[in-house]
Amino acid sequence: MFKIFGISLCLMISLVSIDEGVAQSSDRAGPSFSPWFDPEFPPRTREAQAAKPFKIFDNVYYVGLQSVSSYLITTNQGLILIDPTYDYTADLVLDSIRELGFDPIEIKYLLITHGHGDHASGAKVIQEATGARVVMAEGDWNIYESPSSPGNNEYSRIARDIVAKNGSAITLGDTTIRLFVTPGHTSGCLSMEYTVFDGEKSYKALTLGGIGLPTGKEKMRKYLNSVARMQELSGVQVLLPDHPFMGDIWNKAERLELRGPTDPHPFISSREVIIEWFNTLRHAAMAKQLFDDMQAKQKAIGIKEHN
């Protein structure tokens, strides 16, 4: 499901990053420390990103892309959508919702994990098609509104709508989604906790607002603090991340399709597995910070020797 490793710098340097928000181009200098690796990561074209939607739980459906997640949550008073994806693929999300038998006009809220273009630039397409209220944290409304922000290009934007606060919630009918501002990847990453159902059983699910590794000591400090806070949430047994490869979504989807009546649900994990997943993330972040510190010291020595 994911690689388990300690803080081994040589091993970390060998990993290749595929996080969209951090690695926007293939010529980014320096090694990556992402704990996920997918050699067949698809291009960002509309055609290559198209994916078949599927039911994950009784009230949660995957309607996203090959490399960017989007989740549809059903309630007794309408629909909630997490992340619209790119501006040029948001219509694919709408098509996926229709393919599953739902009417996009029933989407009442669009929750956005963070303001990078692969997660937020489709907001206008979704809002115009549905009239949904759009929710982001303050820091990432700022990113969304700034074309010069990393990962953002020119696209049509909406006016600022609901500004999420840490510890606030969105309630629609019988469903409440708890919101946590978890800075690090961006200044206003928005993580979400909600209940999912598998028959008569319910489980606590978590969608993290953005887990691509940042650069800079202060950003990394905030990142590690956010990871620790989310790791400490009690009762979480389902991780539905903002990129499918970060949660092994496609392999789990294959197992889910073949699941028998008595088979365990592939998206449900033990507490030990959840902790291990977070520890993997922490170790990668600490290794990256160690490397960044070494690079900074080497640069300082080089400048001193040159002078």
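**Stop 1: Tyr194 and the cores**

Select Tyr194 and show what surrounds it. Beyond its neighbours within four places in sequence, Tyr194 is in contact with Val60, Ile73, Ile82, Thr176, Ile177, Tyr203, Lys204, Ala205, Thr207 and Leu240. Bear in mind that this is a predicted model.

Now widen the selection. Tyr194 is one of the residues that touch the most other members of the largest nonpolar core, which has 31 residues. Next, pick Leu233, Phe245, Phe278 and Leu281. They are among the 23 residues of a second, separate core.

**Stop 2: the sheet**

Hide the side chains and follow the strands. You are looking at an open sheet of 7 strands, in the order β1-β2-β3-β4-β5-β6-β7, with mixed pairing. Which strands stand at the edges? Select β1 (54–57) and β7 (162–164): each has a single partner strand, so one side of each is left without a neighbour in the sheet. Look along the sheet for the twist, which averages 25° from one strand to the next.

Zoom in on β6, residues 133–137. β6 and β7 run parallel and are joined by 3 bridges.

Now bring in α8. This helix packs on the sheet and touches β1, β2 (60–62) and β3 (71–75). Its direction makes about 90° with that of β1.

**Stop 3: the aromatic rings**

Show every Phe, Tyr and Trp side chain. The whole structure holds 10 aromatic pairs. Start with Phe54 and Phe267. Their ring centres are 6.4 Å apart and their planes meet at 40°, so the pair is tilted. Phe54 is in strand β1, while Phe267 is in the loop between α8 and α9 (271–306), 213 residues apart. Both residues are buried.

Move to Tyr62 and Trp250. Here the ring centres are 5.2 Å apart and the planes stand at 75°, so the pair is edge-to-face. Tyr62 belongs to strand β2 and Trp250 to helix α8, so this pair ties together parts that are 188 residues apart in sequence. Buried or partly exposed: what is Tyr62, and what is Trp250? Tyr62 is buried, at 0% relative accessibility. Trp250 is partly exposed, with a relative accessible area of 26%.

Ring pairs link Phe54, Tyr62, Tyr71, Trp250 and Phe267 into a cluster.

**Stop 4: Arg157**

Select Arg157 and show two tyrosines with it, Tyr155 and Tyr144. The charged end of Arg157 sits over the ring of Tyr155, 3.9 Å from its centre. Arg157 also lies over the face of Tyr144, at 5.8 Å from the ring centre.

**Stop 5: two positive phi angles**

Finish on the backbone. Select Thr85, in the loop between β4 (78–82) and α3 (90–99). Its phi is near 70°, a positive value in a residue other than glycine. Thr85 is buried, at 0% relative accessible area.

Then go to Asp248, in the loop between β12 (236–239) and α8 (249–257). Asp248 is not a glycine either, yet its phi is positive, at about 55°. Asp248 has a relative accessible area of 15% and is buried.

Technical notes. Residues numbered from 1 in each chain as written. Predicted model: local features only at pLDDT ≥ 70, side-chain atom pairs only at ≥ 80, totals over all residues. Heavy atoms only, no water. Helix = DSSP H or I, 4+ residues; strand = E, 2+ residues; numbered from the N terminus. Buried < 20%, exposed > 50% of the residue type's maximum accessible area, 1.4 Å probe, protein only. Core = buried A, V, L, I, M, F, W, Y, C linked by side-chain atoms within 4.5 Å. Contact = heavy atoms within 4.5 Å. Pairing = 2+ DSSP bridges. Axes fitted to C-alpha atoms, helices over the stretch in contact; angles between N-to-C directions. Phe/Tyr/Trp six-rings, centres within 6.5 Å; stacked < 30°, edge-to-face > 60°. Lys NZ or Arg CZ within 6 Å of the ring centre and 35° of its normal.
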